[in-house]
Amino acid sequence: AMPLALAGAGQEVTLARVCGGRQLQHRLAEIGLVPGQRFRVLTRGSPGPFIISVKDTRLVLGHGMVHRIFVHPA
C-alpha cells in the first residue's frame with residue numbers, strides 16, 4: 001500500500017487502511033470511505049487540498065490526512 005499523497009490526479013484507488021486516530025477513521029467511515037472502498041482522486045493540489053470522489057460525494061482532504069490514508073491502485 002502507498003500513502004494517498006502519492007496517488008495522481010484522475011487515478012482510481014482502493015482504501016487499504018487509515019493510520020490515524022479514531023476520530024479520523026470515524027469521519028471517513030461516515031462518508032463511506034472504509035477499507036476496500038474504491039474512489040477517485042480528482043485533484044492533487046500541490047499547495048492546495050486533495051479532492052477525492054467517493055460514490056457521489058466529493059471530499060476535500062488536507063495534506064496531513066493524505067499521508068495517513070493508505071491505498072492500492074485500482
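A predicted model and its nonpolar core

The largest nonpolar core has 21 residues, and those with the most contacts inside it are Leu4, Leu28, Phe39, Ile52, Leu61 and Val71. Such a core is a set of buried Ala, Val, Leu, Ile, Met, Phe, Trp, Tyr and Cys residues joined through side-chain atoms within 4.5 Å. At least two core residues come from each of β2 (12-18), α1 (22-30), β3 (38-44), β4 (50-54), β5 (57-61), α2 (63-66) and β6 (69-73). These helices (H or I, at least four residues) and strands (E, at least two) are DSSP runs, numbered from the N terminus.

This is a predicted model, in which local features need pLDDT of at least 70 and side-chain atom pairs count only at pLDDT 80 or more, while totals for chains, interfaces and linings use all residues. Residues are numbered from 1 along each chain as its sequence is written, and side-chain values use heavy atoms, with hydrogens and water left out.

Leu61 is in contact (heavy atoms within 4.5 Å) with Leu4, Leu28, Pro49, Phe50, Ile52, Val66 and Ile69, leaving aside neighbours within four places in sequence.

The strands come next. β2 and β3 run antiparallel and are joined by three bridges; strands pair if DSSP finds at least two bridges between them. Glu12 stands opposite Arg40 in β3. β3 also pairs with β4, in the antiparallel sense over four bridges, and Arg44 stands opposite Phe50 in β4. Five residues lie between β3 and β4, which form a hairpin.

Thr14 lies in strand β2. Thr14 has a relative accessible area of 18% and is therefore buried, a term for under 20% relative accessible area, with exposed over 50% and partly exposed in between (1.4 Å probe, protein chains only). Leaving aside neighbours within four places in sequence, Thr14 is in contact with Gly36, Gln37, Arg38, Phe70, Val71, His72 and Ala74.
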